[in-house]
Amino acid sequence: MTRTEKKTIAIIGGGISGLSAAYVLQKEIEERRETITFLLVEKENRLGGSILTEKQNGFIIEGGPDCFLSEKLEAIALCHRLGIQDQLMKTNETVRRIFIFSKGTLRELPEGFMFLAPTNFTSFIKNPLISPLGKLRMAMDLIIPAKKNVEEESLAQFVSRRLGKEVLEKIAEPLVAGIHASDPETMSLKSTFPRLIELEREYRSLIIGMIKRKKMLQEKKSTNNYTMFMSLKEGLATLPKTLTDLLNPQVFLTGNQVIGVEKDPDSSGYFLRLTNGDLLKVRSVVFATPAFVTADLLKEIAPSLSLELSSIQYVSTATISLAYERKAISYSMNGFGFVVPRIENRKIMASTWTSVKFAHRAPPDKLLIRCFVGGIKNEYLARLGDTELIMIVRKELRDIMGINAEPLFAKVFRWEKSMPQYTVGHEMKMKRIEERLSLNPGVFLAGNAYYGIGISDCIRSGEKAARAALKFLSR
């Protein structure tokens, strides 16, 4: 069956990027009284993508991300527009510590250590995580001149140059591995942490720049009352669910995959071939799918664009959440959790003490712990069976935290090829993608593969793509 619509926008992908695009389209079409329609096609029966919250026996369990950065305003702004700002929840401000597993023990990340550089020198000097020689090498940041040439650096090159190899191995690598599942040796500094380049350029010293930034953030916090990481009281899935509930249910084609895209020879539009046999005729397409999926769909009609998109590497990860009786855990969980440097040769990248980090995540007499495996160096772990993965994680927690107790239950969530890698050269790759995209009128991209991997980044990309598609059809 062929559906024909004169002015139809198709959104492929029902994650937060696609849903954000759909919300903008619905609002702006209504406000402008445009004769434009749109459809969202999602291969799964569930909407929300990697944002997945499950509830079990009083526990709130996040399968994918568990928070978003308040510094990037799109997620908070969307919550306000949706009327769920009362659901916004801060992290536990009484136990803000993060630990690093080093030499067989958990050591606290020095207080005031804003990502890479210390901003509280008393705490830093007393902390045993970095050796005396390592601290001396870090202090050289205060006198090392700023980089003058424009050659792009990896995160590892930048950190080693400014702060030394020990900071790279013990702090920078495990922190970015836990967030980006990436390798600092190949990770583009410019595309992932451009603010560090700006701090060096403006203040010469990264340490001085971080101290200045800390003061600005403290002033900003006094006005917005947010913590660095924010979540929603009933779980992050509240966000895609609210979006879905506010959208016209007739716009959704769930449980239906786009398996082919063809140019309409009689117009400037496109035909989308679906698994159910339908042929959907549209004028514009927003691809809110992973870059490699988009590449496969575009390989016939836009081969050069497809080639660039397929060069974006992805890695797989898994999260394993374990529930415990509080009395069964003797370890003092006075922080948000810990990260594990690669040099420690452990199987897990990081662990979040979920019910300590956020309120209402477990009953008062219970605890919820979440562990992360996979990523760029141990991707194979994400593909192991549930039983084997749970056994591995329990052994890691026994070795690191001394937890011998049997969990009340354990939940495994796998995210196959879900984390795009922003490698050195990503910015130039994006310029080539934008150039090739301009040669395909009516095609737009959204998602975490292009200009940021966070929830706010995805919301921004979806909204931008939707407005671009509207502009294209309104010409």
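This is a predicted model: local features need pLDDT of at least 70, side-chain atom pairs count only at pLDDT 80 or more; totals for chains, interfaces and linings use all residues.
Helix α8 itself spans residues 194–203, and its buried residues are L196, L199 and E200. These three cover an arc of only 95 degrees around the axis, so they lie on the same side of α8. The other side of α8 holds R201 and E202, both of which are exposed.

Helix α11, which runs over residues 291–298, can be looked at in the same way. Its buried residues are A291, T294, A295, L297 and L298. The arc that they cover around the axis is only 165 degrees, which places them on the same side of α11. Several elements take part in covering these buried residues. Among them are the strands β2 (8–12), β14 (258–263), β17 (284–287), β18 (314–325) and β23 (443–445), together with the helix α12 (303–310).

The packing of helices is well illustrated by α2, residues 74–82, and its contact with α16, residues 455–473. The axes of these two helices come within 7 Å and cross at roughly 65 degrees. Angles of 65 to 115 degrees count as roughly perpendicular, and α2 and α16 are therefore described as roughly perpendicular to each other. On the α2 side, the contact is made by E74, A75, L78 and R81, while α16 contributes I455, S456, I459, R460 and E463. By class, this contact of α2 with α16 has four nonpolar, one polar and four charged residues.

Helix α2 also packs with α10, residues 238–246, at an angle of about 40 degrees and with the axes 11 Å apart. That angle makes α2 oblique to α10. The crossing in which α2 passes α10 is left-handed. Here L78, C79 and L82 of α2 meet L239, T242, L243 and L246 of α10. The residues of this contact divide into six nonpolar, one polar and no charged. Charged residues, in turn, number four in the contact of α2 with α16, whereas the contact of α2 with α10 has no charged residues.

Technical notes. Residues are numbered from 1 along each chain as its sequence is written. Side-chain values use heavy atoms; hydrogens and water are left out. Axes are lines fitted to C-alpha atoms, for helices over the stretch in contact, and angles run from 0 to 180 degrees between N-to-C directions. Helices (H or I, at least four residues) and strands (E, at least two) are DSSP runs, numbered from the N terminus. Angles under 35 degrees count as roughly parallel, over 145 as roughly antiparallel, 65 to 115 as roughly perpendicular and the rest as oblique. Contact means heavy atoms within 4.5 Å. Ala, Val, Leu, Ile, Met, Phe, Trp, Tyr, Cys and Pro count as nonpolar, Asp, Glu, Lys and Arg as charged, and the others, Gly among them, as polar. Buried means under 20% relative accessible area, exposed over 50%, partly exposed in between (1.4 Å probe, protein chains only). The arc is that of the directions from the helix axis to the C-beta atoms. A crossing is left-handed if the near helix is turned anticlockwise from the far one by less than a right angle, and right-handed if clockwise.
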